[in-house]
Amino acid sequence: MATNFDPQWAWDRYTPNEKNPWTMAKVGHVYRRLAFGANFGELQAGLKSDPQKLISNLFNGQQSSPAYDSATEKYLASNAQKLNQPQQAAGWWFYRMLHGPLPVAEKLTLFWHNHFATSNAKVQNVAFMVRQYETMHRHALGRFDVLLQEMSKDPAMMIWLDTIQSKKGMPNENYARELMELFSLGIGNYTENDIREAAKAFTGWEIKNGQFFANASQFDSGKKKVFGKEGNYSGADIVELCTKQPACAKFIVKKFYRFLISEAEDISPEMAAPLEKQFADGFDLRKLVEKMVRSNLFFSEHAYRTRIKAPVDYVAGMVRGLESRMGTINGSLNLTSALETLGQYPFHPPSVKGWDGGRTWLNGQTLLFRQNLALDLARRPVGPNQPALARHLVETHKIKSPVEQVNFFADLFLQGDIPDDSRATLTDYANKVHKQTYPSYWTERDVAEQQTVSLCHLVMTLPEYQLD
Amino acid sequence: MQWTRLIGLFVILLGVGSLRAADTNPLRFFPAKDTEIVAVVPHPRALIESIRNHPRGQDALTLPQVREFLDSADLRRVFQILAYYERDLGAKWPELLDQISGDGLAIGTKFGSQNALFLAVMQGRDAKQTKKLIDLVVKLVEEELARNGVKEGVLRRKYQGIEAIELSKDLKIAQIDEALLLSNNDNALKAGIDQHISNKKDAKPANVANTSVQGDVKKLLGGQPLAWLWLNLKPVKELPQAKDVFASPRNDVVQTVLFAGWLDVARRADFIAAGFYREQDDLKFTIRMPAGRLNTAPDVELHLPADPKVGGSLPPFDLPGMIACHSFYLDLDTFYSKKEKIFPAQVANDIANGEKQLSRVLINTSLPKLLAASGVHHRIVAVQPETVPGYKKVPQTRLPAFAFVTTMRDESFAKSMNSIVKAAALAAGNQASLRSWEDTLDDVPVFGYSFPDEGKFPDDPQNLRFNYQPTFGHVNGQYFFASNKGIATSIIKAIKAEGKPKAANANLQTAIVAKGFSDFTNVSPELPLVGMILSQGVPLDVAKMQTAEFYQFLDKLGKINVKTEYTDTEFHLDIIWKLGK
């Protein structure tokens, strides 16, 4: 059941007011939905700013993390391609998500990666996968119709959905089917005949020297009847026909709603109507995304913590919050492998439908893994002869007592928004933590570090921290 | 009668001295009949310091990966515990190690034991310190149990009047004077205590210290090993699965061709001894058995000349960019001509039938003739070439070049081999578009095959085929096959420089050169460089620096030499790591 709000109110720009003030919780919300979480400095700066300005800053790119180095990142990308190393490619992309200067683009590229879900498990060509990433990244906030055209001719996609096997007289229907069902229209907005006819338009599409190549001799140049219209359509024509269907804007708006606003419920037709109208006029993705994230609805309780954190968001959120500069494929704590274990291995979605997401992210095994990973990160030394990440953070921010530390970590990871009973339990633990017995061989510094690590870990294992 | 009193005193001192020596041997706790494997570290401190102070050990500590490993959260805890013991026991770890295990550490076990029951003995020099250590460990364990809400503390029980402490399900300990006994099993610990009681009561207690084990090992290994191991082979040979392996003659042709010599000495030896040594900066690991050339089975003649004067193997090559060279003795003529002696009748028949089939396709020769003309000394060598000569195009990645070199009893071997190679190449060349050529390298006529520079090979986009140019020839009584002209030239020069090489007594020698291996991995420096960036989270320039340091470290690792040697009564397998500069 979709909740029906006044569309005017829902999509109007949010302006803080007495009843609905600009809070740290809202800053965190923006950073989670548009990026991969914030560190303490970003939260503080965001609070001092205002919502619209903060969103503009995120869209325009922020100062990259000190751990980011453009030359290094480019080197990683080129080598993952040259050596055809899928794990390196995943590590490289996660490096960009963690430290890159434009997390909004990375976040939306991840959205498109799930939408046009293509896996290297079948493609077996990292260079093609990286090129597909580049296409999605380039158009992540551009025009959907252009993106859809380019994705149709993308070599990784052509291998993934067998377009390269589609020959005159033997059209392969895979791409035509997914184009309509998963990429542009959704089930119920096309017929089996539309698929059969459209498939003929993609015949002769090949890859030559790593590039899209239209082989005229294998192209079925006959007439095709699609969506009730007949013509000598090419593949590009079919893609254009899809985007011109009213269902296309509906489909994309609905999908973005689940991604940016709430995966707990679908958007109502009344609420969707103004967005669909705007989107159908130019397919401007940035305009659509901005409309949603600048809105009253986005900053309302109907959007707040209404998604379950995907593994990438969970892991990146902790690493960014702890201000770690660690590598993404480290021998002792391999973040890229952790993503795979948690079920979201970049460049390897499980099927053409992408990751199911939502509640499927969590089960007994993944929850336990998430909690252990949180501990491993909190206790990970910053570097040789340096304290653990959690301890380093409180020392940097001059947070002294255990109770102050609980509040600090609650602010950092949950922006202070935790249920009263959880806060009471945490505060109680913090008050008693000095009474605990520790191994005799620990120094005072070890004890202090352990206390900080355990407080940080407790906060990161609160149920609310699993929510996005 | 002063002199008699002096003699009496001397005898008493001698007695005390020998008693002391017996009392400090950790092997006295191991029952002779139940101990089939023993590992001993005579001076644990010396062993640890020899590794810790080793120049490359010191160098390794500067590598970022090692630094990170040593600074991991778990290892930090280990170092914290160590610091705690040092503080509470009032001594630094080297001194502590002497106090609690200065007279040796021994571990013993038995074949076929379920869950690998073991008994370990740390023979200390200071009973009070050992007691303090145990108290400290127990205290820590009890604290940890209490922290975890376990009400029951550490379990203490008396056995034969000696307190046994169960620190965990898999670790039980007991102190007997200066000795600390550890085991993963109650019965194994009890056996150690029982042996201790027996040592006190019996005139000649049946413990390992009273057997010939130490003497045998010392005699066989020699020198002062930092650690040694003794393994009783008698129970191994009684295992059902070992019967076929140690049988003579043996049904398995492959086992015979590959391992006949080793299996034969193991069949005749009662035990295996192994030792680890540091000699200056060289580290040596040796495995030895008390059975040698005398009384060998007929199949050993494959790997070992009947006449020791023939020599075992030629010295390994020392070529520019060498990664490894393996030199060995293998007499294939014996394999065929004495097959009836070496193998059971059915296997010998099968070999004879196989020969008939094979000889049909051999041109102008037969397998027996070819084998009779072949030599017994063989060498395989791999190098990382700086360039690959012979092609206009260069491969995107330089792959190692390799060569096989074998001696000949008769020059007719070269003639026959050339005919065989040319016939085979004629058949394969049509498929692979190979072009044949003849050339002279360093005044030696050679022939070979090349890929056409302009040929189309869609399956080889990186042009890796241009690493190879099969080259054949012979010089100074040795026939060679080389993977390209570059290594063929190096081989020819090396053989000429050797003159008439003298084979060593060792029947197998291998040299592995770290620099060559380092050059090989450095052909694709991207791989370690990317690994460094993604693991350490460092920028490209820092990763380049760290990778360069890693390669410098690799280059300085020097060379590993492996050899097997037979005396009349012994078998030796030595692995020696010689450092580079």
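Let's start at A:Arg305, which at 13% relative accessibility counts as buried (buried means under 20% relative accessible area, exposed over 50%, and partly exposed in between, with a 1.4 Å probe and protein chains only). A:Arg305 sits in the loop between H17 and H18 of chain A (helices are DSSP runs of H or I with at least four residues, strands are runs of E with at least two, and both are numbered from the N terminus). Its phi is near 50 degrees, a positive value in a residue other than glycine.

Quick housekeeping: this is a predicted model, where local features need pLDDT of at least 70 and side-chain atom pairs count only at pLDDT 80 or more, while totals for chains, interfaces and linings use all residues. Residues are numbered from 1 along each chain as its sequence is written, chains are lettered from A and ligands numbered from 1 in the order in which they are written, and side-chain values use heavy atoms, with hydrogens and water left out.

Back to backbones. A:Phe283 also has phi near 50 degrees, again a positive value in a residue other than glycine. You'll find A:Phe283 in the loop between helix H16 (269-280) and H17 of chain A, and it's buried, with a relative accessible area of 8%.

Now, rings. How many aromatic pairs does a search of the whole structure find? Over all chains, 42. For a pair, the ring centres of Phe, Tyr or Trp (its six-membered ring) must lie within 6.5 Å; planes under 30 degrees apart are stacked, over 60 edge-to-face, and the rest tilted.

Take A:Tyr14 and A:Phe299: their ring centres are 4.6 Å apart and their planes are at 25 degrees, so this pair is stacked. A:Tyr14 lies in the loop between helix H1 (7-11) and helix H2 (24-34) of chain A, and A:Phe299 in the loop between helix H17 (285-293) and helix H18 (311-321) of chain A, so the pair ties together parts that are 285 residues apart in sequence. Buried or exposed, what about A:Tyr14? A:Tyr14 is buried, with a relative accessible area of 1%, and A:Phe299 is buried too, at 4%.

Another pair to click on is A:Trp112 with A:Phe144, whose ring centres are 5.7 Å apart with planes at 25 degrees, so these rings are stacked as well. The two link distant parts of the chain: A:Trp112 is in helix H7 (residues 103-115) of chain A and A:Phe144 in helix H10 (residues 144-152) of chain A, 32 residues apart. A:Trp112 is buried at 0% relative accessibility, and A:Phe144 is buried at 0%.

On to charges. The structure holds 60 salt bridges over all chains, a salt bridge being a side-chain nitrogen of Lys or Arg within 4 Å of a carboxyl oxygen of Asp or Glu. One of them pairs A:Asp428 with A:Lys432, 3.3 Å from N to O. Both lie in helix H23 (residues 420-432) of chain A, four residues apart, about one turn of the helix. A:Asp428 is partly exposed at 37% relative accessibility, and so is A:Lys432, at 43%.

Over in chain B, B:Asp281 forms a salt bridge with B:Arg278, the closest N and O atoms being 2.8 Å apart. B:Asp281 is partly exposed at 30%, as is B:Arg278 at 25%. There's also a network: salt bridges that share partners join A:Arg32, A:Arg33, A:Glu263, A:Arg307 and A:Asp468.

Last stop, where the chains meet. The contact (heavy atoms within 4.5 Å) takes 37 residues from chain A and 29 residues from chain B. Together the chains bury about 2,700 Å², 56% of it on carbon and sulfur atoms; that's the accessible area, with a 1.4 Å probe, that two parts lose on being put together, summed over both. A:Tyr75, A:Ser440 and A:Tyr441 supply 25% of the area chain A buries against chain B, more than any other three residues.

The rule finds three salt bridges across this interface. In one, A:Lys82 meets B:Glu526, with the closest N and O atoms 2.5 Å apart. A:Lys82 lies in helix H5 of chain A and B:Glu526 in helix H20 (residues 526-536) of chain B, so the pair joins two chains. A:Lys82 is exposed at 51%, whereas B:Glu526 is buried at 15%.
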